[in-house]
Amino acid sequence: MATRSTSSARGARDELAIGWREWARLPDLCEFPIKAKIDTGAQTSVIDAFDVEETERAGVPMASFRLYPDDRGEMEGPFCEAPICDRRAVKSSNGVTQERIVIRTTLALGRRSWPIELSLADRSEMNFRMLIGREALAGVIIHPQASFLLGE
């Protein structure tokens with residue numbers, strides 16, 4: 001009797017193939033593509049956010065912030081606002097733990113989009129403004145030798 005693989009409820013036809021870096025979109029936050037590094041070593045995805053402020057609207061905790069959509073920090077991005085879904089202690093690649101605000105938003109890669117959790121941090125000294133962590137990568141096949149398989 002043939003058995004079905006339990007690694008994915010979706011067929012291979014539904015899986016998305018990406019490279020180690022891709023152009024990502026966050027349609028709930030901005031219209032610009034953001035160069036993102038795919039990072040299976042990171043649990044939660046993160047984006048470079050600045051001027052982060054916590055507010056409240058109708059009793060809902062909100063984060064307001066700005067983004068730099070380009071990786072050189074030359075183009076100031078839009079003002080963004082999103083509900084805060086969590087605060088987490090996150091250990092960065094240099095081993096320092098910091099508490100970060102986490103929001104829930106939509107990630108779009110190529111023609112596919114799905115909800116993700118995204119922490120807000122100062123990544124101004126990093127090569128990539130955004131990291132896409134493993135929690136956001138279910139059903140995705142990563143080709144570590146390839147880049148920008150989905151185009152811009």
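This is a short chat about a predicted model of one protein chain.

User: Hi! Before we start, what kind of model is this, and how are residues numbered?
Analyst: Hello! This is a predicted model, where local features need pLDDT of at least 70 and side-chain atom pairs count only at pLDDT 80 or more, while totals for chains, interfaces and linings use all residues. Residues are numbered from 1 along each chain as its sequence is written, and side-chain values use heavy atoms, with hydrogens and water left out.

User: Great. How many helices and strands does the chain have?
Analyst: The protein chain has zero helices and 10 strands. Both are DSSP runs numbered from the N terminus: helices are H or I with at least four residues, strands are E with at least two.

User: And how much of it is buried?
Analyst: Of the 152 residues, 39% count as buried. Buried means under 20% relative accessible area, exposed means over 50%, and partly exposed is in between, using a 1.4 Å probe and protein chains only.

User: What about the nonpolar core, which residues have the most contacts in it?
Analyst: The largest nonpolar core has 30 residues, and those with the most contacts inside it are Leu29, Phe65, Ile103, Leu107, Met130 and Ile132. Such a core is a set of buried Ala, Val, Leu, Ile, Met, Phe, Trp, Tyr and Cys residues joined through side-chain atoms within 4.5 Å.

User: Which elements give two or more residues to this core?
Analyst: Those are β1, β3 (34-39), β4 (45-57), β5 (60-67), β6, β7, β8 and β9.

User: Pick Leu107. What does Leu107 touch?
Analyst: Leaving out residues up to four places away in sequence, Leu107 touches Ala24, Arg25, Leu26, Arg112, Ser113, Trp114, Ile116, Met130 and Ile132. A contact here means heavy atoms within 4.5 Å.

User: Switching to charges: how many salt bridges are there?
Analyst: A search of the whole structure finds six. The rule is a side-chain nitrogen of Lys or Arg within 4 Å of a carboxyl oxygen of Asp or Glu.

User: Which residues are linked in a network of them?
Analyst: Asp86, Arg88, Arg104 and Glu117 are linked that way. Asp86 bridges to Arg88, with the closest N and O atoms 2.8 Å apart, and Glu117 also bridges to Arg88, at 2.3 Å.

User: Where do Glu117 and Arg88 lie?
Analyst: Glu117 lies in strand β8 (residues 112-121) and Arg88 in strand β6 (residues 79-91), so the pair ties together parts that are 29 residues apart in sequence. Glu117 meets Arg104 in a salt bridge too, at 2.8 Å from N to O. That pair links β8 with strand β7 (residues 97-109), 13 residues apart.

User: How accessible are Asp86 and Arg104?
Analyst: Asp86 counts as partly exposed at 30% relative accessibility, and Arg104 is partly exposed as well, at 48%.

User: Last topic, aromatics. How many pairs?
Analyst: The count comes to two aromatic pairs. Rings of Phe, Tyr and Trp (its six-membered ring) pair if their centres lie within 6.5 Å; planes under 30 degrees apart are stacked, over 60 edge-to-face, and the rest tilted. The rings of Trp20 and Phe128 have centres 5.8 Å apart and planes at 75 degrees, so the pair is edge-to-face.

User: Is Phe128 buried or exposed?
Analyst: Phe128 is buried, with a relative accessible area of 11%. Trp23 and Phe148 form a stacked pair, 5.8 Å centre to centre with 25 degrees between the planes. Trp23 lies in strand β2 and Phe148 in the segment after β10 (140-143), so they tie together parts 125 residues apart in sequence.
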